[in-house]
Amino acid sequence: MVLDYAPRFSCAIENDRMAQSSQNSKRQILGVISLNRAEQILTEWVNTDLKGVLQTNVWERLFRRCPEIVPIPLSEIVPVNDVNFDRFHQQMEMAETVAADLAMAWDRTDLRGFEWYTWKAQREYEFQAASARHGVTSSHLARRPGDDVDVEAIKAAIIESEEPPATITRIEAAIFHLRQNRKRALHCPNPDCPAPYFFASKKGQKYCSPECAKPAQRESKRRWWAEHRAKKVPKTRISDRRSK
Ligand SMILES: [Zn+2]
């Protein structure tokens, strides 16, 4: 869902907003994913918080909530266990790298830097997706005891990820959408924001939500009153003198 904190001025505006939201859920990016779903996946992904939680649980939760991220059937890696851990681990590392690249892209104010990191995210995703499809995991590359190095599969994964995928993936489309909407991809300035990366839904929007805007609004009111009072003081003194 696109976060929206515009005040509800009237039913007409609210109806417009709902119509827009319903249009966004119908509009398909590159014909494979709705605009709303693409933004939901990207923001959940980039806002993944690893602080103080077991990383495996965090990524497993993301994969369950956004199965589009996993390039192989979700049931092959979730729930994670001893047998599928190698394949799960590969996708976990992919998800972590892509999340970091998306955050870098989101925070870059220059087009060059933004483009660089969105492409880096896409490249990482496509390579790991091709690797997963060919059954190549990091342990196959690292020559762990008991793991055969399947050179042919590795070659196939490299060759496959050199070209645009035969079928457009929903993640490719989502990152494509991010590239087209750079100006709406903002970082909420509230330092306590729990999910600071968001897509603005209104012109001039700075904060991700009304809750995040509140501390700044209070501070601006406080400053206004402080200045207003300061201006009033000399006037009162003059009028006091006049009345004497
Ligand atoms: Zn916020």
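This is a predicted model: local features need pLDDT of at least 70, side-chain atom pairs count only at pLDDT 80 or more; totals for chains, interfaces and linings use all residues.
Visitor: Is S22 buried or exposed?
Guide: S22 counts as exposed, because it has 11 C-beta neighbours inside 10 Å. Residues are numbered from 1 along each chain as its sequence is written.

Visitor: Which helix is S22 in?
Guide: S22 lies in α1, residues 11–26. Helices (H or I, at least four residues) and strands (E, at least two) are DSSP runs, numbered from the N terminus.

Visitor: Which peptide bond is cis?
Guide: The bond from V78 to P79 is cis, with omega near 0°. P79 is found in the loop between α3 and α4.

Visitor: Switching to the core. Which residues touch the most other members of the largest one?
Guide: W45, I69, L102 and A174 do, in a nonpolar core of 44 residues. Such a core is a set of buried Ala, Val, Leu, Ile, Met, Phe, Trp, Tyr and Cys residues joined through C-beta atoms within 7 Å.

Visitor: Which elements supply at least two residues of this core?
Guide: They are α2 (35–46), α3 (55–65), α4 (85–107), α5 (111–133), α8 (170–180) and β4 (197–199). The largest share, nine residues, comes from α4.

Visitor: What is L102 in contact with?
Guide: Leaving aside neighbours within four places in sequence, L102 is in contact with L42, W45, V46 and A121. Contact here means C-beta atoms, placed from the backbone, within 7 Å.

Visitor: How do α5 and α8 cross?
Guide: Their axes come within 10 Å and cross at roughly 180°, which means that α5 is roughly antiparallel to α8. Axes are lines fitted to C-alpha atoms, for helices over the stretch in contact, and angles run from 0 to 180 degrees between N-to-C directions. Angles under 35 degrees count as roughly parallel, over 145 as roughly antiparallel, 65 to 115 as roughly perpendicular and the rest as oblique.

Visitor: Which residues make that contact between α5 and α8?
Guide: T118, A121, Q122 and Y125 come from α5, and I171, E172, I175, L178 and R179 from α8. By class, the contact of α5 with α8 has five nonpolar, two polar and two charged residues. Ala, Val, Leu, Ile, Met, Phe, Trp, Tyr, Cys and Pro count as nonpolar, Asp, Glu, Lys and Arg as charged, and the others, Gly among them, as polar.

Visitor: And how do α2 and α8 cross?
Guide: Those axes come within 9 Å and cross at roughly 90°, so α2 is roughly perpendicular to α8. L35, A38, I41 and L42 in α2 meet A173, A174, H177 and L178 in α8.

Visitor: What is the mean pLDDT of the chain?
Guide: The mean is 85, and 81% of the residues reach 70 or more; pLDDT is the predictor's confidence in each residue, from 0 to 100. Over residues 1–11 pLDDT stays under 50.

Definitions and conventions: A residue is buried if 20 or more other C-beta atoms lie within 10 Å of its own, exposed if 12 or fewer, and partly exposed in between; C-beta atoms are placed from the backbone. Two residues are in contact if their C-beta atoms, placed from the backbone, lie within 7 Å.
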